[in-house]
Amino acid sequence: MNRCTQVVILGAGPSGLLLSHLLALRGVESVVLELRTRDYVASRIRAGVLEHGTVELLHEAGLGARALREGFVHEGVELAGSDGSFRVDFRARTGKAVTIYGQTELQKDLFRARDEANGVVIDEVSDVRIHDADTRAPSVTCTKDGESFTVRADFVAGCDGHHGVSRAAIPAPVLHTYERVYPFGWLGILSETPPVSDELIYSGHERGFALCSMRNPALSRYYVQCALGESPDAWSDARFWDELRARLPREAAERLVTGPSIEKSVTPLRSFIAEPMRFGSLFLAGDAAHIVPPTGAKGLNLAVRDVALLAAALTAFYGERTETLLDAYSNDALAGVWKAVRFSWWMTNLLHRYDADDDFARRLKRAELAYLRGSLAAQTVFAENYVGLAR
Ligand code: APR
Ligand code: PHB
């Protein structure tokens with residue numbers, strides 16, 4: 001069962017599977033190790049907005065066909081506040097758009113692509129440990145079906161999410177982390193109802209934030225800001241729909257079609273960044289290195305950017321025998337990460353209700369939305385961040 005490969009990848013989420021796919025396209029071998037079952041990984045419900053650059057990358061990697069067929073191109077978004085709502089036109093401001101395509105679907109596409117290429121993805125492993133990360137001969141040990149085995153490699157890619165073991169393998173004196181925990185969560189539901197609008201609506205209402213999103217013309221995804229640690233059980237469907245309606249612009253509230261929820265969950269909001277994203281032969285990518293609040297849907301897009309950089313750096317190592325890109329990886333990735341951290345923090349602050357907000361703070365948020373509404377320059381800033389900055 002022991003194995004030898006070029007890159008051992010921890011985690012079969014979007015980061016890990018996309019990395020193994022990009023490496024395989026360029027002739028670099030990898031083995032992916034995943035803690036959970038494949039079905040569990042493939043059924044997690046996450047955000048569903050792909051940036052312009054993410055879609056381009058998926059197409060270049062031969063992974064974009066279903067997203068093109070079944071995804072929805074959105075050329076703008078509606079922003080609402082207590083003074084009414086307005087649209088930001090992405091196409092007019094930036095020449096670009098985003099694609100609505102659930103991460104769950106992308107995850108399935110990635111598993112299929114790895115299977116078609118006979119990629120090695122070993123799920124349900126436990127007791128995963130990284131050894132000798134500070135040397136040129138790292139390895140990972142783990143257990144599968146009661147048997148332990150070792151994977152030796154040139155590099156370890158830590159794509160094992162926020163709770164994985166990779167980040168913890170970087171010694172404390174080397175690792176610097178930054179964190180902001182927001183004092184609220186999002187209660188999200190999926191319902192088999194037509195979306196209230198053709199585009200997303202982000203509403204910064206006095207009662208709290210609300211978001212109308214979708215998966216397809218018959219499946220809606222809605223969120224309302226809720227108290228931290230609140231149980232989804234405290235929210236009957238009727239309570240959810242009433243609260244959502246109360247937080248939407250009047251025309252949207254009147255159009256809203258309600259129905260039973262088929263999924264309901266609470267997500268805490270936080271920003272978290274670990275620096276550096278490299279320690280010796282270990283490279284972190286995606287949620288293992290950073291978390292952003294879902295406002296603006298940057299999480300998956302950041303993971304894709306990390307992995308694109310890392311795949312290019314590893315390919316250059318094997319192809320041209322240069323380590324320049326590997327050495328630049330952490331700084332290059334973090335430069336983009338911090339910009340997305342800033343944007344999602346800004347958007348979260350602007351649109352959420354904080355109990356600690358006084359009249360001054362509330363009035364400032366109204367002024368900021370009014371400025372965004374009235375200034376094409378401000379809308380360009382918003383739009384270029386939303387569709388994704390080049391780096
Ligand atoms: N060994 C192997 N795999 C592990 C380990 C471990 N010790 N610990 C966790 N994992 C697995 C998890 O079970 C999960 O399937 O690593 C995977 C990490 O996947 P994600 O959490 O989806 O992280 P990532 O692939 O970086 O994707 C980022 O997912 O969380 C969203 O907002 C985020 O959309 C972004 C995207
Ligand atoms: C979603 O569709 O789940 C979604 C969309 C936009 C966000 C967050 C989540 O900002």
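In which sense do strand E2 and strand E13 pair, and over how many bridges? I put this question to a predicted model. I found that E2, residues 7-10, and E13, residues 155-158, pair in the parallel sense over four bridges.

**Entry 1: the sheet**

I looked up one residue pair in these two strands and noted that Leu10 stands opposite Gly158 in E13. Six strands form an open sheet, in the order E9-E3-E2-E13-E20-E19, and the pairing is mixed. I asked which strands stand at the edges. They are strand E9 (120-122) and strand E19 (278-279). Each has a single partner strand, so one side of each is left without a neighbour in the sheet. I recorded a general point beside this: strands of a sheet pair through backbone hydrogen bonds, either parallel or antiparallel.

**Entry 2: the helix across the sheet**

I next asked which strands helix H9 lies across. The helix covers residues 299-320 and lies across E2, E13 and strand E20 (282-284). I noted that H9 runs at about 175° to E13.

**Entry 3: ligand 1**

I turned to ligand 1 and counted its surroundings: 23 residues surround the ligand. The closest are Ser15, Glu34, Arg46, Gln103 and Asp287. I looked up the polar contacts of three of these residues. A polar side-chain atom of Ser15 lies 2.6 Å from an oxygen atom of ligand 1. For Glu34, a polar side-chain atom is likewise placed 2.6 Å from an oxygen atom of the ligand. For Arg46, the distance from a polar side-chain atom to a ligand oxygen atom is 2.9 Å. Taken alone, ligand 1 exposes 700 Å², and the protein buries 89% of that.

I then asked which helices supply residues of the shell. Helix H1 (14-25) and H9 each supply at least two. The largest share, three residues, comes from H9, the helix that I had already found across E2, E13 and E20.

**Entry 4: Ser344**

Is Ser344 buried or exposed? I located Ser344 in helix H10, residues 324-351. Its relative accessibility is 0%, and because buried means under 20%, Ser344 counts as buried. I noted that its side chain reaches the backbone oxygen of Ala340 at 2.8 Å and the backbone oxygen of Val341 at 3.4 Å. Leaving aside residues up to four places away in sequence, Ser344 touches Val292, Pro293 and Thr295. Finally, I compared Ser344 with His21: the two are 323 residues apart in sequence and 28 Å apart in space, C-alpha to C-alpha.

Definitions and conventions. Residues are numbered from 1 along each chain as its sequence is written. Chains are lettered from A and ligands numbered from 1 in the order in which they are written. This is a predicted model: local features need pLDDT of at least 70, side-chain atom pairs count only at pLDDT 80 or more; totals for chains, interfaces and linings use all residues. Side-chain values use heavy atoms; hydrogens and water are left out. Two strands pair if DSSP finds at least two bridges between them. Contact means heavy atoms within 4.5 Å. Axes are lines fitted to C-alpha atoms, for helices over the stretch in contact, and angles run from 0 to 180 degrees between N-to-C directions. Buried means under 20% relative accessible area, exposed over 50%, partly exposed in between (1.4 Å probe, protein chains only). A polar contact is a pair of N or O atoms within 3.5 Å; within protein, one must be able to donate a hydrogen and the other to accept it, and residues adjacent in sequence count only if both atoms are side-chain atoms. A residue is near a molecule or strand if one of its heavy atoms lies within 4 Å of it. Accessible areas come from the Shrake-Rupley method with a 1.4 Å probe; for residues, only the protein chains shown count as cover.
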